[in-house]
Amino acid sequence: MRQDLLAQAEAVLEEWVRARGEAPTAEASEGFRLLALHRQGARGVPSFNACRETCREIAYHYNLLNEKHDARTELMMKMLVQHLELFVRGKLEVAGLGDFCCASRPLRKESENA
Amino acid sequence: MSKYQRVAYYPGCALEGTGHAYNQSTKVLGSALGLKLDEVKNWNCCGAMEVKNIDPKVQTYLSSRVMSIAANEMGASVVMAPCNGCYHNLKKAEHDLAHDAGSREVVERISKKAGHATYQAGQVETIHALDWIKDGVGEDELKRRVKNSLKGLKVANYYGCMYTRPRHIFPEKDQGPGSESTSKPHFMDDLLAAAGAENVDFPLKTACCGGAHTLSDSDTSTKLVLNILRAAEAAGADVIATECPTCHSGLEMHQVRAEKVLGQKTRVKMLYFTQLLGIALGLSPRKLGVHENVSDGMEVMKKFA
């Protein structure tokens, strides 16, 4: 089950990366392709960091389930994957999702170009 | 004596409107703990998201004016902002003024025109209400003052996004033991544990609630919030503790909307951490504005009050 959930989360990020016209990375970061995909998806889009902790929690729960299987941890991992899916789906529809908290890029870019 | 015992208080616009109960409970709690708040005189909007999205440098100016009044007109060295949005924007302004010449130039120009002293980076330290209680009082002292332990109350702590993101504007965080973490914040957990509450393991504590799109794309926000509420319930929480008026009203409003539009009912209640701590100190829920919350926490809190 944990493999299926991780694969589902990766598929969500693959979709985001492809929508940006890139090929999803096959590499891993800290042992997780999911984290490498997140890093790729957030490149140049600081607001995508709004789902950074969600991805890290998915990886953490994946590891927890390796240690010991329990229904509650599995349910939490499922809800985390669902949250990632909702966020990315929302972001594909409304690019500005997450801008409120994570984007301070425009200011710095503007100053660099001046 | 902690330097946080007496601070300049910047409530921000939300605490005068939807977050009135947060304003009230912050003041009442501070007073009960012997902490002093001097409200920033003639404060203005921090620039929130509206100005920030159109012209980030004007937002930097607006936040800098608040800090300038605190530093230059009130002689304060610490500004406390209980709203995540205000806290984030003041921190962002501080960072921009320290690292960006263009921002300094704009702030200086507008400040001169407005006729007040230009804020210089480093004049004040901006803190959140969580830092204020955690460092101004501390868990040990808080434990000593608890009259109604929150023992048996299961709490999911929701910090939202702006308390920790983006990481580079919070240089004091992630500094090892004792400091706040940007990936797994714990200050609210620590304070509520000191009051006797049982913090549940809640992995969505900084997850996006779609807050900024609550009006333009309500369905996305509702679904994101519903998932947060369900996760809190699945984790066994009776209440979600909040430390931001935007998060709080977002969770409350979308809880109602999820039931109305999606037919999905959740039962978890939302309370500000200041209300929960106040109840633990023996203050009446009414004095803490619990009755003002949309999500009716009176029933859950009755046994503790």
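In which sense do strand β1 and strand β3 of chain B pair, and over how many bridges? Strand β1 (residues 6–9) and strand β3 (residues 78–81) of chain B pair in the parallel sense over 2 bridges; strands count as paired if DSSP finds at least two bridges between them. Within this pairing, Ala8(B) stands opposite Val79(B) of β3(B).

This is a predicted model, in which local features need pLDDT of at least 70, side-chain atom pairs count only at pLDDT 80 or more, and totals for chains, interfaces and linings use all residues. Residues are numbered from 1 along each chain as its sequence is written, while chains are lettered from A and ligands numbered from 1 in the order in which they are written.

**The sheet of chain B**

The open sheet of chain B has 4 strands in the order β2-β1-β3-β4, with parallel pairing. Helices (H or I, at least four residues) and strands (E, at least two) are DSSP runs, numbered from the N terminus. Because β2 (36–39) and β4 (125–128) of chain B each have a single partner strand, they stand at the edges, and one side of each is left without a neighbour in the sheet. From one strand to the next, the twist averages 40°.

**Helix α6 of chain B**

Helix α6 (residues 129–136) of chain B lies across β1, β3 and β4 of chain B and runs at about 90° to β4(B). Among the buried residues of α6(B) are Leu130(B), Trp132(B) and Ile133(B). Their cover includes α1 (20–32), α8 (187–194) and α11 (273–280) of chain B, as well as β1, β3 and β4. Gly138(B), with a positive phi near 90°, follows α6(B).

**Chain A**

Over residues 104–109 of chain A, pLDDT stays under 50. Where pLDDT is low, the predicted coordinates should not be read in detail.

The axes of α1(A) and α2(A), lines fitted to C-alpha atoms over the stretch in contact, come within 9 Å and cross at roughly 20°. The two helices are therefore roughly parallel (angles under 35 degrees).

| Helix | Residues |
|---|---|
| α1(A) | residues 2–19 |
| α2(A) | residues 33–42 |

Residues of α1(A), including Leu6(A), Leu13(A) and Trp16(A), meet residues of α2(A), including Leu34(A) and Leu37(A).

How values were computed
pLDDT is the predictor's confidence in each residue, from 0 to 100. Two residues are in contact if their C-beta atoms, placed from the backbone, lie within 7 Å. Axes are lines fitted to C-alpha atoms, for helices over the stretch in contact, and angles run from 0 to 180 degrees between N-to-C directions. A residue is buried if 20 or more other C-beta atoms lie within 10 Å of its own, exposed if 12 or fewer, and partly exposed in between; C-beta atoms are placed from the backbone. Angles under 35 degrees count as roughly parallel, over 145 as roughly antiparallel, 65 to 115 as roughly perpendicular and the rest as oblique.
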